[in-house]
Amino acid sequence: MTASDVINPATEEVLRTVEQTDEAGVDDAVARAKAAQKKWAAQAPAERAAALRAFASVVELHIEELAALEVANSGHPIGNARWEAGHVRDVLQYYSASPERLSGKQIPVAGGLNVTFNEPLGVVGVITPWNFPMTIASWGFAPALAAGNAVLVKPAEWTPLTTIRLGELAVEAGLPADLFQVLPGRGSVVGERFVTHPDVRKIVFTGSTEVGTRVMAGAATQVKRVTLELGGKSANIIFDDCDLERAAATAPYGVFDNSGQDCCARSRILVQSNVFDKFMELFEPAVKGVVVGDPGAEGTEMGPLVSKAHWTSVASYVPDDAPVAFRGDAPTGPGFWFPPTVLTPQRTDRSVTEEIFGPVVTVLPFDDEADGIALANDSVYGLSGSIWTENVSRALRVSRAVESGNLSVNSHSSVRYSTPFGGFKQSGLGRELGPDAPLSFTETKNVFIAVQEAP
Ligand code: NAD
């Protein structure tokens with residue numbers, strides 16, 4: 001086993017050294033998970049439900065601890081981190097209702113009785129990114145466990161600490177040993193082995209489109225099931241009939257939340273040209289008002305970027321001659337700080353077409369509804385987006401026309417555990433969350449029982 005340092009992105013100090021799982025370690029974990037899954041699936045649905053509720057209760061007792069760990073490891077503002085830990089509890093609570101509701105169907109057929117069963121897949125591998133470590137892990141592990149599977153989670157190299165802690169809390173809550181295991185390690189080792197191991201029956205991958213494509217290609221050789229949650233370049237479409245003050249005041253939080261390291265970031269603001277100047281006037285103080293600083297301080301709205309490597313990548317989108325309209329503030333000194341930055345480039349610039357995944361937003365004018373929709377759809381991605389208008393017909397027309405999985409009208413909301421989440425086009429495949437998520441961790445089995453005619 002090798003080990004890897006985990007860095008606090010606000011101070012650049014080493015927080016902890018984490019052992020990296022090797023291929024033999026993955027194989028051992030899969031064998032143990034396989035045995036645990038058989039026993040778990042054989043338990044009564046009510047027992048599995050109770051176990052997930054107990055897990056949720058233990059998470060509830062550790063919200064402050066998990067939040068503090070995320071502040072230190074990921075630089076998330078404490079208020080956000082508390083929300084994330086609470087969200088894990090809520091996701092577990094929500095899916096604890098599923099074991100007793102996966103009831104299959106009874107379908108009327110001639111000559112007998114036809115029923116379907118929702119059989120668990122077996123061992124599921126969940127591969128997570130570094131931007132929302134514990135929430136994204138829970139979107140995979142909670143419904144997968146609820147459907148009777150065992151789960152192995154591979155957290156991102158930079159941010160494994162909260163996921164490792166969730167693995168410990170599961171054991172503390174009384175979940176069977178080996179049923180839910182966290183395997184920190186490299187994507188090219190642990191992630192790849194999930195893809196090639198024949199006993200891992202499904203991969204839930206959240207991360208870049210580049211790696212997701214590779215995971216999908218590898219999984220295809222075994223017809224392995226995949227759910228992919230990938231990149232985004234979402235549009236915030238602002239029409240001239242909207243509440244422009246509210247649209248401008250909220251736009252920074254639609255893109256700079258989590259320092260822009262959010263797959264749903266509305267990183268292209270599209271403004272109808274007749275209100276463009278007025279919008280920019282209102283947007284400037286809103287951007288400058290974003291509170292950037294110590295993520296552990298109450299009231300901080302934006303922390304640092306996650307790592308030096310990522311900082312360098314984000315900075316490459318703002319060269320010296322970049323069309324900067326205005327910028328907010330950021331601390332100087334240690335830490336991977338990057339100020340909120342507003343660009344007004346051409347439609348073809350790479351800052352408009354590529355996912356930056358940092359606090360950099362591009363603002364572009366559009367002429368009319370058709371032009372706004374065309375511009376919003378001019379992307380390989382289709383994850384999220386917002387539409388600002390007071391006209392209900394327009395809101396519905398544009399919602400139907402934008403090629404995206406998660407839209408909000410007059411708000412920037414994307415994620416609720418009770419509603420489906422996922423992307424169109426190269427933003428992903430399949431959906432997470434919502435009432436149907438456990439079904440995506442099952443196979444439908446159809447059984448026909450012949451009934452003899454009465455003698
Ligand atoms: P990434 O693709 O570099 O890594 C994601 C995970 O894949 C990590 O755990 C990594 O170790 C692992 N990995 C790397 N190589 C692998 C391989 N060959 N086989 C298997 N696994 C491998 O992504 P990232 O930089 O951690 O995250 C940022 C990206 O995630 C952004 O593009 C963002 O949009 C996307 N994202 C999408 C969603 C969504 O729900 N659609 C949510 C969050 C983040």
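## Around strand 8

From strand 8, the chain crosses through helix 8 (residues 209-220) to strand 9, making a right-handed β-α-β crossover. Right-handed here means that, with the strands pointing away from the viewer, the path from the first strand over the helix to the second runs clockwise. Helices (H or I, at least four residues) and strands (E, at least two) are DSSP runs, numbered from the N terminus.

This is a predicted model, in which local features need pLDDT of at least 70 and side-chain atom pairs count only at pLDDT 80 or more, while totals for chains, interfaces and linings use all residues. Residues are numbered from 1 along each chain as its sequence is written, and side-chain values use heavy atoms, with hydrogens and water left out.

Strand 8 (residues 200-206) is mostly covered, with six of its seven residues buried (under 20% relative accessible area with a 1.4 Å probe, protein chains only; over 50% is exposed and in between is partly exposed). Strands 8 and 9 (the latter residues 225-229) run parallel and are joined by five bridges, and Phe-205 stands opposite Leu-228 of strand 9. Strand 5 (residues 123-127) also pairs with strand 8 in the parallel sense, over five bridges, and Val-123 has Val-200 in strand 8 as its bridge partner.

Axes are lines fitted to C-alpha atoms, for helices over the stretch in contact, and angles run from 0 to 180 degrees between N-to-C directions.

Another open sheet has three strands in the order 3-4-20, with antiparallel pairing. Strand 3 (106-109) and strand 20 (442-450) are at the edges with a single partner strand each, so one side of each has no neighbour in the sheet. From one strand to the next, the twist averages 25°.

Four bridges link strand 3 to strand 4 (residues 112-120) in the antiparallel sense. Here Val-109 has Gly-112 of strand 4 as its bridge partner.

## Domains

The domain assignment, whose bounds come from an automatic or database source, gives domain 1 (3-230 + 427-447) and domain 2 (235-409). Their centres, taken over C-alpha atoms, are 31 Å apart. Contact (heavy atoms within 4.5 Å) involves 22 residues of domain 1 and 29 residues of domain 2.

UniProt lists residues 4-447 for "domain: Aldehyde dehydrogenase", in an unreviewed entry; its positions use the numbering here, feature names are shortened, and annotations may be inferred rather than shown by experiment. Over residues 4-447 the chain is 39% helix and 20% strand, with 50 Å between the end C-alpha atoms.

## A look at Ala-251

Ala-251 is in helix 9 (residues 244-255). Is Ala-251 buried or exposed? Ala-251 counts as buried because its relative accessibility is 1%. Leaving aside residues up to four places away in sequence, Ala-251 touches Asn-236, Ile-269, Phe-279, Phe-283 and His-412. From Gly-207, Ala-251 is 44 residues away in sequence and 24 Å away in space, C-alpha to C-alpha.

Technical notes: Two strands pair if DSSP finds at least two bridges between them.
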